[in-house]
Amino acid sequence: MLTSMLAASVPQTGTNAINDFLAGVKPDYVPGWAVPLTAIGIAVGLTVAIISVVAMFSVWLERKVAGHIQCRYGPMRAGWHGWLQPIADGVKLLLKEDLVPLGADRVLYVLAPALVLASVLAAMSVYPLAPGFFFADIDLGIFFVLAMTSTTTIGVVMAGWSSNSKWSLYGAMREAAQVVAYEIPLGISLLVPIMVAGSFNLLEVSRAQTGFFGLNWYIWPWINPFMLPAFVLFFIAILAETKRAPFDLPEAESELVAGFMTEYSGIRWSFFFMEEYAAMFLYSVVGAFFFFGGFESPLTWGAAKLAGDGSVLHQVAAGTTLVVKGFAGVFLMMWLRWTLPRVRIDQVMTLGYKYLTPLALVCVLGAGLWEVFLTPILPWRHG
Amino acid sequence: MDFRGILDRLQVVGAPGLLGHDLPRPPDPKDKKDKGRGGDPFVWVEPEKLPAFLECCRDDARLSLELLVDLSAVDPSKDDPNLWVVTHLLSLALRHRLEVKCALPKAAATMPSSASVHRGAQWHERECAEMFGITFRGHPDPRHILLPEDWIGFPLRKDYVFPDEYHGISCK
Amino acid sequence: MVETKDAQRTTADPGKREFMLDVRTQDMEVNMGPQHPATHGVMRILVRADGEVCTGAQPHLGYLHRCAEKIGENVEWLQYLPYTDRYDYLAAMNNNLGYSMAVEKLMGIEIPRRAMMIRTICAELNRIGSHLIAFGTYGLDIGAFTPFLYMFREREWMMALFEKICGARLTYSYIRIGGVFNDAPPGWLSEVERFCDVFEEKWHEYVDLLMVNHIFVQRTANIGVIPRAMALDFGLTGPMLRGSGVDWDLRRDMPYELYVEIWKSGCFQIPLGKGERGTLGDCWDRSYVRVMEMMESIQIVRWCLGSIASGPVIADIPKTIRVPNGEAYAGIENPRGELGHYVVSDGGKVAIRCRVRGPSFTNLAVLEEILPGALIADTIAIIGSTDIVVGETDR
């Protein structure tokens, strides 16, 4: 009874596929309610695995990018060109002493990194990594993603407060102010591609950009000239959301030691960092979906032609395309971090509220007018 | 201006506390013990009048000694009953320097503070106070600056005895 | 709130207790240092903050006090030279020069021309090195990680040059009383010329990357403004003074060594802050002065290379120096300001007093005046712009 209720309430998803498969192979002595729970457990485990791999690769990428920009090599010893470095770092962090500072609020202190990572994992669950490979396909895709990634702020503020250190508190306050300020241009600038696509669902937005060797991607001005400014605003907003330079005040190393993460060490600290890289990747993938065609690329088109739509080759090609686009965005964010100095908190807020928000509103208005009046007369926008 | 010119000007404006001056001189051939004196000329000023003297030097247009370069002290020797408080002044407009010396008796090492005339003197006086035991009356912030607050003794005096231990740390 | 717990847990030195007594309860007391990535050494600044605005600042010094002046009264004149390296360890050549000049003034000896040339080259190269660190770490404080490493590339070359000439990279003890320790090895002077050529190109890179970067300008303009009157009142010297538009440089106005000739040849200018990107006397102006000074130092080095003389590199003085009775003061233009040595001698082998007037010590005092009213993020920018070396502040 419970099983069928659970099964009926959730739309067809990847988790459901796992659920059906498990139901098929379930031995008789296992109770019925264990199957959906196991399916969910496996899905969560896979999400964690994907995020971990993404984070580890990002760590390596960051250090190599930083190194090469600074005229040095970066990690070279742990494996070929240092590819084992993140694993070495992970092992080191796991072996560190697990300490909670004296006078810290123990419950909040332990909960904060968990909450931060959990938010990002939850956002991850909505992403299709290939046209047929996703955990939950909900119509409110992007809305859910934005909402979940915003809840990381609660975790950050908890971390800053519970550390019982003034420096952490400063970092947490700055973080909260910054994230709240940049949520607005982030959401509004995303309205432009959502308007053009007509859906919040990530997969549908990607499908709307197929064809013509990438000339259908939303970023091009002939689709809608307000897409490019919207993308620029979106990119600046995600730099601020993920606390990357030039908006990295919350962890402003040279000012506040490590901001809200000052009192964290070992694996707890690494949770914050995993969240940062995962968020970078996730936002970058959102950008890829909405502006750069998502799964569509000549590679995907070729695979679909060769092996058929929905085949394994097509899925792999689509997934690869998406990951490459995602990491291109991540690379751009890293490049900016090592080039630009930090912007002061009041200048960040001024930029967010006084410049980006009005510009975002203008973009939405312009895009809307374009859609209503000019789209019917443009031949390439039909069909 | 050279030193002679500055000295004349000081005498003309009646700089408060001016006692005399000291010029470098070669050793006296008649006196075997006389070592002579090399280096820079300076003026002697009464310690009690030092702030007024500095103010006069700063405000007079022909002297224009606006910058206080250094204010420190010297303990010439164990036997000498006086400490010297040495002030170096600099004029940006007229490109000259002046060295001012005050003889302060060790037994009563107290003089008014020049921090009201030159704000920069504040930290220099704090250092003098803790190193030589000079009290600058009227100093706005007479804490120790380089030494810990509870340090005993005046390190740069010639009769300073190093402590045996400090907070349990042996100093031998 | 958080601050009462923290305040009780920090040290109980009486000076700090006094500062705490008049703290209003809504203010927060934040401790910058002694360990802090941005305080340029071991120094503690107690900042009273009302939210993000600083309402009071109190620097606490003495963490690096090594009794240099007391040591000066206990070792021989030449033995004191290595101690001079160690106060402003980023510009050690200049420190050596200052001390040597004071003693030479008292001794009344003449320095051979070649020695003066080499001294000037070394002092100016070290000025470049010191400004590279000042500017690079300033960028680091503001958040630009990369220019710092680029500048260190040039500084490595400079240190390699010094290693060739005297064997040390940081604390040289090369400029001695009477001249320099030994002559430059063959090929050194042409390598210095190559360094000048390469540095001129790289200098433009640094200006583009950091100096005129919009974010850097936004972070440093109109902040920490030191008006002319305040600068003179505090006794500031060096880029702190020139950044406020005061035209004063000891190399031109009270020249020593070869600077009379160098200035007459017209090969270098004195850069001044002009309030180009904000208010006159703000942090950007001081950085601007330092960056421009690097270029001017290159011109001075080129002049010296062009007119290098041959001859002895040290005056004929005995191994154990006995300095005649008397006292002398010699001030030179250190990268940070006027470094003054006031030496008193009674004719013996050991000094009676060896007073060091460190520019960083005097320059630091101005923080008590300009920090209140600034934002916490600006505090770092202002402290960085004073370019202090705690070794010199504490001696």
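Predicted model: local features only at pLDDT ≥ 70, side-chain atom pairs only at ≥ 80, totals over all residues.
Student: Where in chain A does H81(A) lie, and what is its phi?

Tutor: H81(A) belongs to the loop between α3 (34–69) and α4 (85–94) of chain A. Its phi is near 55°, which is positive although the residue is not glycine. Helices (H or I, at least four residues) and strands (E, at least two) are DSSP runs, numbered from the N terminus.

Student: And S173(C): what is its phi, and is it buried or exposed?

Tutor: S173(C), which is not a glycine, has a positive phi of about 50°. With 11% relative accessibility, S173(C) counts as buried. The residue sits in the loop between α7 (146–166) and β4 (175–176) of chain C.

Student: Changing topic, how many salt bridges does the structure hold?

Tutor: Over all chains there are 49 salt bridges. The criterion is a side-chain nitrogen of Lys or Arg within 4 Å of a carboxyl oxygen of Asp or Glu. In one of them, the side chains of E73(C) and K158(B) meet with N to O at 3.2 Å. This pair joins two chains, because E73(C) is in the loop between α3 (68–72) and α4 (81–85) of chain C and K158(B) in the loop between β8 (135–137) and β9 (165–166) of chain B.

Student: Are the two partners buried or exposed?

Tutor: E73(C) counts as buried at 10% relative accessibility, whereas K158(B), at 22%, counts as partly exposed.

Student: Which residue does R251(C) meet in a salt bridge?

Tutor: R251(C) meets E124(C), with N to O at 3.3 Å. Distant parts of the chain are linked in this way: R251(C) is in helix α12 (residues 250–253) of chain C and E124(C) in helix α6 (residues 113–142) of chain C, 127 residues apart. R251(C) is buried at a relative accessible area of 2%, and E124(C) is buried as well, at 0% relative accessibility. Both residues take part in a network of salt bridges that also includes R127(C), R242(C), D249(C), E293(C) and E333(C).

Student: What about K274(C): which partner does it have?

Tutor: K274(C) forms a salt bridge with E276(C), with the closest N and O atoms 4.0 Å apart. K274(C) counts as exposed at 55% relative accessibility, and E276(C) as partly exposed at 46%.

Student: What is L125(C) in contact with?

Tutor: Apart from neighbours within four places in sequence, L125(C) is in contact with M158(C), L161(C), F162(C), V192(C), F195(C) and V301(C). Contact means heavy atoms within 4.5 Å.

Student: In what order do the strands of the open sheet lie?

Tutor: The four strands run in the order β2(B)-β6(C)-β7(C)-β8(C), with mixed pairing. β2 (38–39) of chain B and β8 (353–357) of chain C are at the edges with a single partner strand each, so one side of each has no neighbour in the sheet. Strands count as paired if DSSP finds at least two bridges between them. β2(B) and strand β6 (residues 326–334) of chain C run parallel and are joined by two bridges; G38(B) has G326(C) as its bridge partner in β6(C).

Student: Which chains have the most contacts between them?

Tutor: Of the two pairs of chains that touch, chains B and C have the most contacts. Chain A and chain B do not touch, and their nearest C-alpha atoms are 25 Å apart.

How values were computed. Residues numbered from 1 in each chain as written. Chains lettered and ligands numbered in written order. Heavy atoms only, no water. Buried < 20%, exposed > 50% of the residue type's maximum accessible area, 1.4 Å probe, protein only.
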